[in-house]
Amino acid sequence: MKQFAALLRKDNQPVRYLVVDDSVFARKNLIKMIEMFGGEVAGEAGDGLTAIAEFNRISPDIVLMDITMPQMEGIEAVERIVRQHPSARIVMVSSVGYQENILAALQKGAKHFVQKPVKPEVLYEILRYVLSDDPNAVGVPVAMAGEHRS
Amino acid sequence: MRMELIQPFINAADAVFAESLQAPTKIVDLEMDQEAYRRKGVAALIAIKGDIEGRVILDLSPEVAVKVASQLAGVEVEASEQVVRETVCEMANMVIGNSVTLLNDQGFHFKVFPPEIHMDETGLAGSADTEALVICIETPCGEIYLNIAMHYLHRRRQERNAVPALD
């Protein structure tokens with residue numbers, strides 16, 4: 001299995017993620033990758049409404065957000081979260097990757113987009129990029145994944 | 001059969017399975033079908049409506065679904081009806097999502113409906129006036145079937161075929 005340098009926060013703590021997808025299966029897949037990157041899953045949600053509540057409760061560093069979900073779709077959830085928390089970092093993760101969807105998500109405040117099936121190396125680079133936009137909040141990779149807890 | 005509508009689904013399925021299962025896949029059988037579709041295992045049916053219309057069925061046995069789930073999870077997954085449903089739905093969503101992206105980039109607009117899972121003994125509805133293409137894809141986890149029936153919306157076809165009157 002490919003090894004990744006851990007993505008850590010400025011305070012050397014693991015990056016905290018909120019994973020939002022209506023498929024338990026897809027969430028597990030993303031969680032596996034987050035662990036490969038040395039991150040910590042702070043919360044999970046299966047729809048947009050729960051995602052908003054979870055964001056308010058746990059204030060994650062990054063949200064991985066599906067688009068097509070019951071109750072409230074991902075793009076609407078992005079809009080509501082960013083309206084309340086303008087510095088929220090949200091990466092859209094969807095199998096539907098056409099221009100209109102991507103543009104709509106970015107216009108509502110998402111930072112990036114990754115298409116399913118997610119390749120770990122692609123997600124890693126996107127997370128690095130998204131985390132690097134605020135050097136005061138999150139540090140650069142400093143150790144191999146798994147080493148930071150020792 | 002409009003191959004330009006079918007090809008994106010074949011390409012997407014190939015790419016999704018190869019990437020998800022981290023191994024090459026191969027189309028081992030391909031046939032045309034106009035009868036009600038007889039499932040081989042658990043099937044997810046996704047309907048498409050818009051500039052082009054039809055439906056796609058992704059079909060795999062519960063044993064293959066559990067192997068796929070284990071491969072994706074990176075650990076042995078215990079077989080259960082929920083695991084099988086989740087796996088079939090997620091694979092279908094990924095294949096359809098990627099296909100829709102390819103077709104949308106070609107200028108087609110349509111709505112994709114959520115997958116309906118079929119696990120009981122009844123056959124699935126036939127594809128009305130459209131022939132279906134049934135593809136068997138060999139993967140490291142076992143065979144996965146894709147049944148694709150797509151056609152242009154009738155109104156669009158008439159518009160496209162309309163020839164300007166000549167003086």
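This is a predicted model: local features need pLDDT of at least 70, side-chain atom pairs count only at pLDDT 80 or more; totals for chains, interfaces and linings use all residues.

Modeller: Residues are numbered from 1 along each chain as its sequence is written, chains are lettered from A and ligands numbered from 1 in the order in which they are written, and side-chain values use heavy atoms, with hydrogens and water left out.

Colleague: Why is R16(A) called partly exposed?

Modeller: Buried means under 20% relative accessible area and exposed means over 50%, with partly exposed in between (1.4 Å probe, protein chains only). R16(A) has a relative accessibility of 22%, and therefore counts as partly exposed. The residue R16(A) belongs to strand 2 of chain A, residues 16-20; strands (E, at least two residues) and helices (H or I, at least four) are DSSP runs numbered from the N terminus.

Colleague: What does the side chain of R16(A) reach?

Modeller: The side chain of R16(A) comes to 2.9 Å from the backbone oxygen of I58(A). I58(A) is also among the residues in contact with R16(A) when neighbours within four places in sequence are left aside, and others include R9(A), E40(A) and D61(A). Contact here means heavy atoms within 4.5 Å.

Colleague: How many residues does each chain bring to the contact between them?

Modeller: Chain B brings 20 residues and chain A brings 16 residues. About 1,500 Å² is buried between the two chains, and carbon and sulfur atoms give 57% of this area. Buried area is the accessible area (1.4 Å probe) that two parts lose on being put together, summed over both. On the side of chain B, E19(B), E86(B) and E90(B) lose the most area to chain A, together 32% of what that side buries.

Colleague: What makes a space a cavity or a pocket?

Modeller: On a 1 Å grid over the protein atoms alone, a cavity is a set of points where a 1.4 Å probe fits but cannot get out, whereas a pocket is an open set with protein on both sides within 12 Å along at least five of seven lines; lining residues have an atom within 4 Å of a point. The structure holds 1 cavity of 30 Å³ or more. About 90 Å³ of space lies in the largest cavity, and helix 1 of chain A gives the largest share of its lining, 5 residues. F25(A), L72(B) and E90(B) are among the residues that line this cavity.

Colleague: How much space lies in the largest pocket?

Modeller: The largest pocket holds about 720 Å³. Of its 28 lining residues, T68(A), M69(A), N93(B), V112(B) and P114(B) are the closest to its centre. Helix 3 of chain B provides the largest share of the lining, 7 residues. The second largest pocket holds about 370 Å³, and the largest share of its lining, 4 residues, comes from helix 1 of chain A.

Colleague: How many helices and strands does chain B have, and what share of its residues is buried?

Modeller: Chain B has 4 helices and 7 strands. Under the accessibility limits already given, 51% of its 167 residues are buried. Among contacts in chain B between residues at least 6 apart in sequence, 72% join residues at least 24 apart.

Note on methods: A polar contact is a pair of N or O atoms within 3.5 Å; within protein, one must be able to donate a hydrogen and the other to accept it, and residues adjacent in sequence count only if both atoms are side-chain atoms. Grid points are joined across faces, edges and corners, and a volume is the space filled by probe spheres set on the points.
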